[in-house]
Amino acid sequence: MIEHSIKRLTMEEFKKFSRLIHAESGIYLKDTKLTLLSNRLRKRLQSLQLKEFSDYYDYLQGLEGESKKKEYEKLLDVVSTNETYFFRNERHFEAFSNYCLPDLAKKKKDRTLRIWSAACSTGEEPYTIAICLLEKIHLFQGWDIKIIATDIAPSVLDFGRLGEYSGRRIEKVPQDLLKKYFIRKKNDPEVFIVRDELKKFVEFGYLNFFKSEFPKDIDVIFCRNVMIYFDRDHQKRLISEFSKIINKDGFLFIGHSETLHSISEDFVYKKVLESPVYVPNLERK
Ligand SMILES: C[S@@+](CC[C@H](N)C(=O)[O-])C[C@H]1O[C@@H](n2cnc3c(N)ncnc32)[C@H](O)[C@@H]1O
């Protein structure tokens, strides 16, 4: 089998791939990630029936146009880490539901609401946002509401569109909300399918932070647990772009292990109901 005859990834090859991945996506791989990268790239080598990592590197270099775009998407798809689950960092959603949403309902006169789940992975984050929103929908009667869910990995977007979840992914969904917003899959009762009333709010789409155009006029950005994969320069670039497209009364949520300290002064830290939230620095807006 080809699988067994793939040669090991050398440090020199690792460095070539990590430079390329970094240039395409901002994802920075330390030398300690050699085994991880080798395991992930193996999938592409197997599909293309290649025996050496250097063959795959040369193959990537030789591509052009649409086939280049497609293969680079597949490369970043296998390389990205997509760990996520419903109600991850629950306090964020308490702050979002009980402070941000009522505040926006009061302040936004144009009656539009745009929430961006930036790096949404398999969809648990945007659907959690949709659940919180539907629980407060009485505040937004007649509003034009959209949850934009984007990621660099096409396969996770397909997963999200399908909206079928089980096990650890849904462990933190309170029972009453599970009953209200999911239906059990026929013939597979362990699997829960997101109801259409949630799905209709969420629009999934491909977006690479460093190559694609951003959506505009956003009220709330969730960009959690992705900046950790970027080097400081890319973190700065990303936050600077966010500051251009967020509305003045907006909110930004980042992961618990992430910080804007010495990254950006375009946002200021605000503690909202025990949760760290960032708001635009109006002196710079
Ligand atoms: C660990 S998941 C985070 C999912 C979710 N936000 C959460 O906190 O649970 C990180 C996601 O970032 C995406 N990602 C990595 N680099 C990206 C880039 N340059 N542009 C857009 N998304 C990216 C990955 O594909 C992955 O799905």
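A residue counts as buried here when its relative accessible area is under 20%. In this predicted model, Phe209 comes in at 11% relative accessibility, so Phe209 falls on the buried side of that cut-off. Phe210 goes the same way: its relative accessible area is 15%, so Phe210 is buried as well.

Aromatic pairs turn up 25 times in the structure. Phe209 and Phe210 make up another pair, with ring centres 6.3 Å apart. Their planes stand at 75°, and since over 60 degrees counts as edge-to-face, so does this pair. Elsewhere, ring pairs join Phe86, Tyr127, Phe159, Tyr165, Phe182 and Phe204 into a cluster.

Then there are the helices H4 and H5. Helix H4 covers residues 53–62 and helix H5 covers residues 65–79. Their axes come within 9 Å and cross at roughly 140°. An angle counts as roughly antiparallel only over 145 degrees, so H4 and H5 end up oblique to each other. The crossing of H4 past H5 is left-handed. On the H4 side, the contact is made by Tyr56, Tyr59, Leu60 and Gln61, while H5 brings in Glu71, Tyr72 and Leu75.

Definitions and conventions. Residues are numbered from 1 along each chain as its sequence is written. This is a predicted model: local features need pLDDT of at least 70, side-chain atom pairs count only at pLDDT 80 or more; totals for chains, interfaces and linings use all residues. Side-chain values use heavy atoms; hydrogens and water are left out. Rings of Phe, Tyr and Trp (its six-membered ring) pair if their centres lie within 6.5 Å; planes under 30 degrees apart count as stacked, over 60 as edge-to-face and the rest as tilted. Buried means under 20% relative accessible area, exposed over 50%, partly exposed in between (1.4 Å probe, protein chains only). Axes are lines fitted to C-alpha atoms, for helices over the stretch in contact, and angles run from 0 to 180 degrees between N-to-C directions. Helices (H or I, at least four residues) and strands (E, at least two) are DSSP runs, numbered from the N terminus. Angles under 35 degrees count as roughly parallel, over 145 as roughly antiparallel, 65 to 115 as roughly perpendicular and the rest as oblique. A crossing is left-handed if the near helix is turned anticlockwise from the far one by less than a right angle, and right-handed if clockwise. Contact means heavy atoms within 4.5 Å.
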